[in-house]
Amino acid sequence: MKTVILCGGRGTRLGEHGKSVPKALVKIGGKPILWHLLKTYSAAGLNDFVLCLGFLGDQIREFFIGDRGSIGTSPDIPNSESIVYRPDDENWNVTLVNTGLDTNTGGRIKHIESHLLGETGFCVTYGDGLANIDFGLLLEFHKNHGKIGTLTAIQPFSSFGVLEINSDDLVTEFREKPKIQEWINGGFFVFSRDILDYLDENCVLEQE
């Protein structure tokens, strides 16, 4: 099963740092987020990756080429190349695909459809997020429910203190950074190949 990683977005929330470094290459513990992602998937036996590049994509390419990577045979698909990447005795197959500078998330996945030929399903995640995911359980859950897709969801803690105010404008309760009751997108997906029938080159995965 292949894992698609969306690495093309602009790091607008990183300020000036995001203008010069792609989000996926921001370092945690001396290693880029992207490296941690590959390491996490690899621990679950998932070693075949398709990276959807865009903004500052050349830097991501240089990371793989310059860090014990070797270019393999490129598939006959425009704007893509395959790289065999073996850091620390890992055996990762990484395909880099230029999916456009400002392409939306759904469009990036649609763009790499030809790389998913023969796959009945595939994983998707963003290149700028990490989580403690049991991929074995996630894949088993996806297989058992029989739907077209699975996503992880979390209840994060609020960044702010929350007030309860009564009709007399009196504060009756103050809760410092409580857990949010709503669920938000945790960023790790498993899709049946059928999801590609619902995407086009311009769509936003999280809306369409």
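Leaving aside its neighbours within four places in sequence, which residues is Glu119 in contact with? The points below start there.

1. **Glu119.** The contacts of Glu119 beyond four places in sequence are Met1, Lys2 and Arg193 (contact: heavy atoms within 4.5 Å). Glu119 sits in the loop between helix H4 (105-111) and strand E8 (121-126). Helices (H or I, at least four residues) and strands (E, at least two) are DSSP runs, numbered from the N terminus. Glu119 is buried yet has no salt bridge. Lys2 is the nearest side chain of opposite charge, 4.8 Å away. Buried means under 20% relative accessible area, exposed over 50%, partly exposed in between (1.4 Å probe, protein chains only). A salt bridge needs a side-chain nitrogen of Lys or Arg within 4 Å of a carboxyl oxygen of Asp or Glu. Lys and Arg count as positive, Asp and Glu as negative; His and the chain ends are not counted.

2. **Basis.** This is a predicted model: local features need pLDDT of at least 70, side-chain atom pairs count only at pLDDT 80 or more, and totals for chains, interfaces and linings use all residues. Residues are numbered from 1 along each chain as its sequence is written, and side-chain values use heavy atoms, with hydrogens and water left out.

3. **Largest core.** The largest nonpolar core has 27 residues; Leu34, Leu51, Ile60 and Phe64 touch the most other members. Such a core is a set of buried Ala, Val, Leu, Ile, Met, Phe, Trp, Tyr and Cys residues joined through side-chain atoms within 4.5 Å. Elements supplying at least two residues each include strand E1 (2-7), helix H2 (33-43) and helix H3 (57-66). H2 gives the most, with six.

4. **H2 and Leu34.** Buried residues of H2 are Ile33, Leu34, Trp35, Leu37, Leu38, Tyr41 and Ser42. Beyond four places in sequence, Leu34 contacts Ile5, Cys7, Ala24, Leu51, Ile60 and Phe64. Just after H2, Gly45 takes a positive phi of about 85°.

5. **Surface patch.** Leu163, Ile165, Val171 and Phe174 form a nonpolar surface patch, with about 400 Å² of accessible area together. Strands E10 (162-165) and E11 (171-175) each supply at least two of its residues. Patch residues have over 30% relative accessible area and no salt bridge; nonpolar side chains (Val, Leu, Ile, Met, Phe, Trp, Tyr) are joined within 5 Å, like charges within 9 Å. Areas are Shrake-Rupley values with a 1.4 Å probe; for residues, only the protein chains shown count as cover.

6. **Positive phi.** Most residues other than glycine have a negative phi. Asp169, in the loop between E10 and E11, has a positive phi of about 60°. Asp169 counts as exposed because its relative accessibility is 66%.
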